[in-house]
Amino acid sequence: MRLIPVSELKLDTKIAMDIRDEHHNLLITKDTLVNPQSLQRLKNSNVIAVYIKDQYCYNNLDIPYTSDSTVMLEKVNTLQVAITNTIKGGVAAHDAMVDALTEVRAIVNELDDHRYALRIAYEPSKISSLNVISEKTVYIAMMSSLLALKLGYSRQETYSIFLGALLKDVASIVPVLGDTVNLNSKQHPIIGCTYIKDNFEFPPEVARIILEHHELYDGKGYPYNLRGDEIYGGTRIISIIEAFYKINSTTMAKGSKALQEDFKNWTPHLDPRFLKKFLNHTNVFPPDTLVRLTNGDVGVIMGTRTTSPFRPQIRILKSVTYPLGTMINLASLPQLHIYRLMDYFD
């Protein structure tokens, strides 16, 4: 299956999975062909991207847990509501916090049960929303948790890492603080940490993540210029996933060479041991992604070898050099790069 922005979605495209809105209401069922009415329904419901399938989708494996919107959007919505009500305070805050913790545990337990099969991946937001906790934030928390589990962290430790990733910018979303705290201020981690400590009985690691989430492995972060192992391991894990998401959202469309260069520029800021584990267990370019190469060839990504996550294996769909269907490994062709991603190939 392949992710397509709704703005680029063509009529008669087959939908790969059920599509739901932010309130988990069913909009379009799996295997439906897009028509003008369903396309307008997606736009009216603020859906910004959907998974589709066509003759160039060769990955017939089950839909990954983290990509299954029929599951994920419900969980995202539950966490958004629970965290929003928790930080608002009042009589319902305790019940909301229980709901949030219950959902976090359920997600982490599911990730742990499948940690060997699941790959760390970039999951873009599918819904345009103004919720306090964004869909992107939930995915970063989820992928940070998956990396933590792959690194050998216990479920209990991973619960805290998930919560820390969700709440790291709490200083900007708490009503009593939000109007006075600027995320560009180097004081906001301290303010957020203090607020969590004073108002909640979360594990101490959660507050520590909030305090340290702008610290960098090379000591060039803030507020305390911590370096290396002075930074909590959970914070170092989240930093890798945040960098991955930031680079994907800003550089992915520019091709593999720019993406790899951007990631290389980030590596001094990241824990090298954790980074190696991350690169061995991630899909930088998801399978079934259509790409145009620097020599003009068109292909579809089939998979990635752990040693070369930025240079995947590609099945040729159009070429003056290779026969149709040829499998090439970009890791063995240093002169060839992914020039850009494509939504469709006709």
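1. Two strands pair if DSSP finds at least two bridges between them; strands (E, at least two residues) and helices (H or I, at least four) are DSSP runs, numbered from the N terminus. Strand E8 (residues 290-293) and strand E9 (residues 298-303) run antiparallel and are joined by 3 bridges. Opposite Leu-290 stands Val-300 in E9.

2. This is a predicted model, in which local features need pLDDT of at least 70, side-chain atom pairs count only at pLDDT 80 or more, and totals for chains, interfaces and linings use all residues. Residues are numbered from 1 along each chain as its sequence is written, and side-chain values use heavy atoms, with hydrogens and water left out.

3. The order E11-E10-E9-E8-E12 describes an open sheet of 5 strands with antiparallel pairing. Strands E11 (327-329) and E12 (338-342) stand at the edges; each has a single partner strand, so one side of each lacks a neighbour in the sheet.

4. Strand E1 (residues 2-5) is joined to strand E5 (residues 49-53) by 4 bridges, and the two run antiparallel. Pro-5 has Ala-49 as its bridge partner in E5. Buried means under 20% relative accessible area (1.4 Å probe, protein chains only).

5. Ser-144 lies in helix H4 (residues 135-150) and is buried, with a relative accessible area of 0%. Its side chain reaches the backbone oxygen of Ile-140 at 2.7 Å. Leaving aside residues up to four places away in sequence, Ser-144 touches Ile-161, Ile-237, Ile-238 and Ile-241 (contact: heavy atoms within 4.5 Å).

Notes. Buried < 20%, exposed > 50% of the residue type's maximum accessible area, 1.4 Å probe, protein only. Polar contact = N/O pair within 3.5 Å; in protein donor to acceptor, adjacent residues only side chain to side chain.
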